[in-house]
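Dear colleague,

Please find below the structure that I am handing over to you. My notes on it follow directly after.

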Amino acid sequence: MTGQPTVVVAVAITGSVPRKRDNPAVPITVAEQIESTHAAFEAGAALAHIHVRNDDETPSSDPEKFAAVQAGLRKHCPGMIVQFSTGGRGRDPASRGLSLQHRPDMASLSTGSVNFPTIVYENHTTLVTDLAGQMRRYGVRPEIEIFDLSHLHGAKRLVEAGLMDARPHVQFVMGVQNALPAQEHLLDLLLGELRRLLPQATWTAAGIGRVQARVMDWALARGADAVRTGLEDNIRITRERLAASNAELVGLAVAAVTRHGRRVATPAQARSALGLPA
């Protein structure tokens with residue numbers, strides 16, 4: 001059993017979209033986020049993807065809220081990888097990198113624009129370059145968010161420009177309406193291009209909504225370094241039942257990892273796998 005390769009379980013606890021009215025378990029306040037993440041950590045998650053919210057539940061870029069969540073996680077979830085979002089849904093582009101000054105372990109970085117259900121998720125080249133430069137300056141490892149094939153080439157350009165090393169962590173996001181559909185052959189296409197462009201990269205795939213478990217299975221079958229779950233992406237266990245917590249979703253991810261003959265990474269193993277200090 002000890003020879004089985006490990007898988008990092010990442011939990012995206014909040015996001016920018018789901019509200020309490022959609023699922024009362026969505027953590028909004030700093031205290032709720034810390035508590036929800038701690039339960040997910042106890043269930044097996046080694047990486048937490050963090051967004052913060054205003055009191056009215058809208059997305060926030062307040063760097064002090066990010067810092068407060070990070071402080072709570074470092075106290076209550078020893079060794080857990082803290083990853084801040086620099087995503088743009090509902091956030092002023094000029095504010096999206098403000099939290100990086102607090103030096104989280106990782107941060108998300110989208111390398112191109114894409115259509116979302118009701119908006120254009122805009123990531124201008126100058127913004128991408130600025131965010132990548134800040135991550136490099138503060139020692140924050142990027143997780144490259146791939147919503148389109150061209151975004152892989154955008155990541156390659158950042159490597160060529162010296163703005164990140166040749167071993168980023170890459171996440172394929174599948175199932176967002178108007179962006180990449182959740183189709184298995186598309187994951188193969190994306191993975192083939194990743195291995196051609198960035199052969200040293202680690203990778204994962206996120207399925208949005210009802211395709212979360214399906215995309216996780218596809219990724220695990222192809223030897224992914226990580227899987228992602230959480231209420232940001234999916235608020236339900238079944239069509240009829242809401243998820244009780246982030247921890248419940250993590251439990252399902254842990255079961256999937258085991259079913260595929262893999263082991264869930266400890267925080268120390270996760271840090272090693274993703275090129276982070278212990």
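A residue is called buried when its relative accessible area is under 20%. F116, at 6% relative accessibility, therefore counts as buried. Please note that this is a predicted model.

Y121 is likewise buried, with a relative accessible area of 6%. F116 and Y121 form a tilted aromatic pair, with 4.9 Å from centre to centre and 35° between the planes. Ring pairs join F116, Y121 and F147 into a cluster. In total, the structure holds 5 aromatic pairs.

Another of these pairs consists of F172 and W203: the ring centres are 6.0 Å apart and the planes stand at 50°, so this pair is tilted. F172 belongs to strand β10 (residues 169-174) and W203 to strand β11 (residues 202-207), so the pair ties together parts that are 31 residues apart in sequence. F172 and W203 are both buried.

A charged side chain also meets a ring: R137 lies over the face of Y138, at 5.9 Å from the ring centre.

I turn now to the helices. Helix α1 (residues 30-43) packs against helix α2 (residues 63-76) at an angle of about 35°, and their axes are 9 Å apart. The crossing of α1 and α2 is right-handed. On the α1 side, the contact is made by V30, Q33, I34, T37, H38 and F41, while α2 contributes K65, A68, V69, G72, L73 and H76. By class, the contact of α1 with α2 comprises 6 nonpolar, 5 polar and 1 charged residues.

With kind regards

Notes:
Residues are numbered from 1 along each chain as its sequence is written. This is a predicted model: local features need pLDDT of at least 70, side-chain atom pairs count only at pLDDT 80 or more; totals for chains, interfaces and linings use all residues. Side-chain values use heavy atoms; hydrogens and water are left out. Axes are lines fitted to C-alpha atoms, for helices over the stretch in contact, and angles run from 0 to 180 degrees between N-to-C directions. Helices (H or I, at least four residues) and strands (E, at least two) are DSSP runs, numbered from the N terminus. A crossing is left-handed if the near helix is turned anticlockwise from the far one by less than a right angle, and right-handed if clockwise. Contact means heavy atoms within 4.5 Å. Ala, Val, Leu, Ile, Met, Phe, Trp, Tyr, Cys and Pro count as nonpolar, Asp, Glu, Lys and Arg as charged, and the others, Gly among them, as polar. Rings of Phe, Tyr and Trp (its six-membered ring) pair if their centres lie within 6.5 Å; planes under 30 degrees apart count as stacked, over 60 as edge-to-face and the rest as tilted. Buried means under 20% relative accessible area, exposed over 50%, partly exposed in between (1.4 Å probe, protein chains only). A charge sits over a ring if NZ of Lys or CZ of Arg is within 6 Å of the ring centre and within 35 degrees of the ring normal.
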